[in-house]
Amino acid sequence: MGVIGVGWVGLVTAVCFAELGRQVVARDIVAEKVEALAGGETTIHEPGLGEMLRRNLERITFTTDMDLLLERARLLFVCVDTPPTYSGDADLSRVRAVVDDLPDDGGHVLVMKSTVPAGTGHSIRRDMPDLPYVSCPEFLKEGSAVADFMHPDRVVIGADPGDEEAADAVEALYRPLGGEVIRTDVASAEMIKLASNAFLATKISFINEIANVCEEVGADVGEVANGMGLDQRIGPSFLRAGIGYGGSCFPKDVSALKMLAGNSGYHFQLLNAVIEVNELQKRRVVSKLVRHLGPLAGRRIALLGLAFKPDTDDMREASSLVLAARLQGEGAEVVAYDPVAGERAGELLSSVTMADSALEALRGADAAVLVTEWGEFAALDWAEAAARMARPLIVDGRNFLDPAALRAAGFAYEGIGKQQATATAATAE
Ligand code: UGA
């Protein structure tokens with residue numbers, strides 16, 4: 001089998017299929033990436049992937065050569081990215097560039113893993129009548145992608161009449177994993193992907209709004225989410241309130257689905273609210289800080305965690321980017337620490353001071369904001385942290401820390417959707 005585009009999805013797909021015993025040819029246009037991967041060096045931070053890559057190196061050929069891929073592989077998994085355009089639609093230029101390179105001679109099968117708007121498969125199939133087309137969307141989460149691949153909730157395989165044999169071949173690849181396989185038409189498979197991400201994003205914006213109401217009425221969103229989630233119709237996952245979703249998928253796919261609906265003549269009202277709630281949620285930390293500190297001009301604020309979620313170095317659409325800019329807009333001095341994403345974040349946040357440890361970031365800070373729930377923050381010596389800070393105030397943007405332990409360590413603790421701490425006098429000094 002072949003993989004085209006060894007970004008995050010492509011690399012996980014290539015390495016995991018090799019782990020299942022398949023011979024894989026993985027092609028990318030970036031020569032340095034191909035060289036690093038061929039040497040067993042991963043280009044992304046994904047738990048378990050590096051070791052899996054190195055133990056399967058002899059089964060994977062990394063190459064820049066499309067002809068080699070076409071010669072050795074029949075099933076071609078297209079895994080190039082589809083970033084948002086300025087209009088909010090998905091940018092399909094990379095997908096198109098790949099498809100233009102494929103022969104329309106019946107010797108190969110195009111398996112679309114990239115997230116594309118519903119209708120893309122039909123239009124490619126129209127242009128390439130002799131290239132069987134299978135839609136096989138991915139549902140991997142960054143940070144647990146290897147485990148998600150190996151233990152899928154479901155595998156969705158979409159094919160239109162005439163392409164059943166190609167779909168059977170793809171299904172055979174996934175069968176050893178044992179997850180439920182759903183066979184649909186291509187447009188439905190494309191919609192399953194977009195609808196799943198949009199629904200999960202909706203769940204997050206919903207619980208974030210519930211959290212904001214909880215703050216007004218003195219309820220605790222953790223208790224509320226727990227009580228809701230035990231209803232099997234609702235389920236407990238993706239009900240963690242926080243400072244908004246980020247990453248390369250939810251923001252892009254929610255917008256792409258909204259645009260797809262609009263371009264098709266339907267106004268998808270709900271998604272407008274999902275997007276707006278998420279944007280505002282990233283900024284709510286500012287008012288929490290102001291309540292304690294008064295105007296933020298000249299205040300030193302430490303951001304703990306910058307990646308859009310833990311266990312990844314991915315900074316795409318991370319809430320930290322908006323938050324850092326908002327804080328600086330208020331005149332605050334921002335210092336930050338992330339265990340893995342620091343270097344990548346430093347390039348994006350050039351006016352933010354990057355610290356080498358959490359304790360270093362907290363030295364002299366007027367407040368800390370926990371932005372990404374990295375495990376090491378739970379184990380931090382918070383009494384020591386309080387001693388280093390100018391003022392032991394923390395806004396836990398992911399409701400990750402134990403409020404009682406933080407209070408015992410001397411902190412004024414603010415979570416999301418919890419009873420607010422008594423404001424420390426803003427003008428006390
Ligand atoms: C998401 C989907 O979960 C995957 O199924 C999908 O395959 C992937 O997008 C994709 O389309 O490629 P991912 O973006 O890696 O995966 O990460 P998630 O774990 O879904 O988290 C997304 C964001 O939502 C993060 O910023 C996270 O902090 C936030 N989140 C998640 C919450 O704020 N609350 C929650 O309860 C869950």
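What covers the buried residues of H5? I started there, after noting the ground rules.

This is a predicted model, in which local features need pLDDT of at least 70, side-chain atom pairs count only at pLDDT 80 or more, and totals for chains, interfaces and linings use all residues. Residues are numbered from 1 along each chain as its sequence is written, and side-chain values use heavy atoms, with hydrogens and water left out.

**Entry 1: helix H5**

I took helices (H or I, at least four residues) and strands (E, at least two) as DSSP runs numbered from the N terminus. H5 spans residues 93-100, and its buried residues are Val95, Val98 and Val99. They lie on the same side of H5, because they cover an arc of only 95 degrees around the axis. The arc is that of the directions from the helix axis to the C-beta atoms. I noted the background: an α-helix has 3.6 residues a turn, so residues three or four places apart point the same way. Buried means under 20% relative accessible area, exposed over 50%, and partly exposed in between (1.4 Å probe, protein chains only). The cover includes strands E1 (2-4), E4 (75-78) and E5 (109-112), along with helices H4 (66-72) and H6 (120-127). Contact here means heavy atoms within 4.5 Å.

**Entry 2: the ligand**

Of its 19 residues, Glu138, Glu142, Lys193, Asn197 and Cys249 come nearest. The shell divides into nine nonpolar, two polar and eight charged residues. Helices H9 (186-217) and H11 (250-263) each supply at least two shell residues; H9 gives the largest share, three.

I then checked backbone N or O atoms against ligand oxygen atoms. I found one of Glu142 at 2.7 Å, one of Arg240 at 2.9 Å and one of Gly246 at 3.0 Å. Taken alone the ligand exposes 710 Å², and the protein buries 96% of that (Shrake-Rupley method, 1.4 Å probe).

**Entry 3: Asn399**

Is Asn399 buried or partly exposed? I found it partly exposed, with a relative accessible area of 21%. Asn399 sits in the loop between strand E13 (393-396) and helix H18 (403-408). Leaving out residues up to four places away in sequence, Asn399 touches Val221, Ala241, Tyr413, Gly415, Ile416 and Lys418. A polar atom of the Asn399 side chain lies 2.8 Å from the backbone nitrogen of Ile416.

Technical notes:
A residue is near a molecule or strand if one of its heavy atoms lies within 4 Å of it. A polar contact is a pair of N or O atoms within 3.5 Å; within protein, one must be able to donate a hydrogen and the other to accept it, and residues adjacent in sequence count only if both atoms are side-chain atoms. Ala, Val, Leu, Ile, Met, Phe, Trp, Tyr, Cys and Pro count as nonpolar, Asp, Glu, Lys and Arg as charged, and the others, Gly among them, as polar.
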